[in-house]
Amino acid sequence: MSLNVARTVGQPQEAVTDGFTLVVDALRANGVEKIYGVVGIPVTDLARVAQAEGIRYIGFRHEQAAGHAAAAAGFLTGRPGICLTVSAPGFLNGLVALANATTNCFPMIQISGSSERTIVDLQQGDYEELDQLNAAKPFAKAAFRVDRPEDIGLGVARAIRAAVSGRPGGVYLDLPAAVLGATVPAEVAQASVFQAVDPAPAMIPAPESVARALDLLTQAERPLIVLGKGAAYARADEAILSFVETTGIPFLPMSMAKGLLPDDHPQSAAAARSLVLGQADVVMLVGARLNWLLAHGQPPRWSAAARFIQVDADPVEIDSNRPIEAPVIGDIASAMAAFTDALRPGQVTVPDAWWQAIRGRTEQNVAKMHARLTADATPMNFSTALRAIRDVLDGHREAYLVNEGANTLDFGRDILPMYRPRHRLDSGTWGVMGVGMGYAIAAAVESGDPVVAVVGDSAFGFSGMEIETICRYRLPVVIVVFNNGGVYKGDEVNTHSADPAPTVLLHSSRYDKLITAFGGTGYQADTPDELGHELRAALKTGEPTLINAVIDPAAGTESGHLTSLNPRTH
Ligand code: ADP
Ligand code: MG
């Protein structure tokens, strides 16, 4: 396969371009700078052409991790992250990431090569035969197939527009091998590639919806602003800060909105979460959904009398779990600007009693947390290990944090503060495991800043092989595996046979030794002091490092904070 933009074949000589080149040209025309993927038939040359034309190709060991990386890149940059896969099995491996991107509202495009259409459609048994377009549809915001090379420009533009406009999401783009290999006259090719104009247009909310929302806020005795990852994604940091500070309303960040306003901001109600959820009378949701992560907005977590404002790009989200009195449909940047313009000085005031209640509960909870964090636990438990990480990260606020696992996630969310927007990536809306290495790689590749991935031993296993990818690209990623020897806990005993209990993993595992096989640095940490020391050293070198943090197998709880979701209570 020629890698030239135009090559000459036949008589008389005519300049032609092939499908591979057209795809790369279309991506470049739309500002795509990176592709995450795994190569193989029929897409290997796509990665080669991309590299030749200045797109950075990051090659993974498994498509799921590549897809998670693309999705995280989408969240971090506001532009669609691209995941490239081979046909059928590679395509299916990427689907979890595509579905996760859609669920989390991250803009991402999975581009997969596919087999011969005529053979697939008649089910004649092709190499890696699968009707990929239809398989992808339920998991994607949109799905397209390009059947003619001259349509590649349109297909790429539509995929980009679908991924980033309105509520962002995962998009599938199917590229049959025959289309990738086909040639078209260079002139036709050139004319078919274009840059999509304004792919994520501003959505200005209706002025009456803004007035209705402000009117409701004015009536509040105990107002609350909930910031979700949609607010972080919107890159309206200044406008949100200004609205929060002008109105003086307490705010609660959802986990990936941590750092949008710094966690030590005086108006943060994070340490009084139960109190504010239970007592708020007017709640303004900004880019946050009333899903399971917010107890569906239902009593007893929430007051039955609470009244809701919801700012969201997607009108269909409104009333999903309880009636929303003041929906504001628009993009968050435009909506916050509209609120600030419409707000009259002194229009919203927060009664002292509300702040007193919040401050009182915050003090109590901070004192309780302090006792847990400073306890002298040997072996380490989640709190004491996380305290060591917190203390080091306090001096590395530029670092990105990736967090997955059960207890590792639940404790990490509460114990590790964030100070910068879009610096925390975690299991998100689905509570999915296996995002760790893909998210960490994307954060390092997109930002160039250090990344610390704090992951459970079970969670790490889902994408652990990507440490070879981290070492191959020499990314500044430090992985801290919280090794408590199990899923949730490592101390379950099977009384029925000699086999390990279902939740048990090898607590004696030396995860740190894995990374040394690829030239990275491995450490074992048995105490908070060792952990802190090793993390500091790793951040100083910026080299790929894995720390095996040995946690008490009896620490933690089954299902973490989600015990109530277990059908059978223990
Ligand atoms: P969290 O889990 O942090 O609560 P969710 O992912 O549940 O956040 O909710 C994010 C919401 O933000 C989604 O309903 C999505 O439609 C919305 N959203 C995402 N980006 C924007 C944007 N730029 N403007 C407005 N709403 C957005
Ligand atoms: Mg574990």
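How far apart do the C-alpha centres of domain 2 and domain 3 lie?

Modeller: They lie 31 Å apart. This is a predicted model, where local features need pLDDT of at least 70 and side-chain atom pairs count only at pLDDT 80 or more, while totals for chains, interfaces and linings use all residues. Residues are numbered from 1 along each chain as its sequence is written, chains are lettered from A and ligands numbered from 1 in written order, and side-chain values use heavy atoms, leaving out hydrogens and water.

The domain assignment, automatic or from a database, puts domain 2 at 207–359 and domain 3 at 374–569. Their contact (heavy atoms within 4.5 Å) takes 16 residues from domain 2 and 17 residues from domain 3.

Now for two helices (DSSP runs of H or I, at least four residues; strands are E, at least two). Helix 15 (residues 352–374) packs against helix 16 (residues 382–393) at about 95 degrees, with the axes 7 Å apart. Axes are lines fitted to C-alpha atoms over the stretch in contact, and angles run from 0 to 180 degrees between N-to-C directions. So helix 15 is roughly perpendicular to helix 16 (65 to 115 degrees; under 35 is roughly parallel, over 145 roughly antiparallel, the rest oblique). Helix 15 brings Arg 372, Leu 373 and Thr 374 to the contact, and helix 16 brings Ser 383, Thr 384, Arg 387 and Arg 390.
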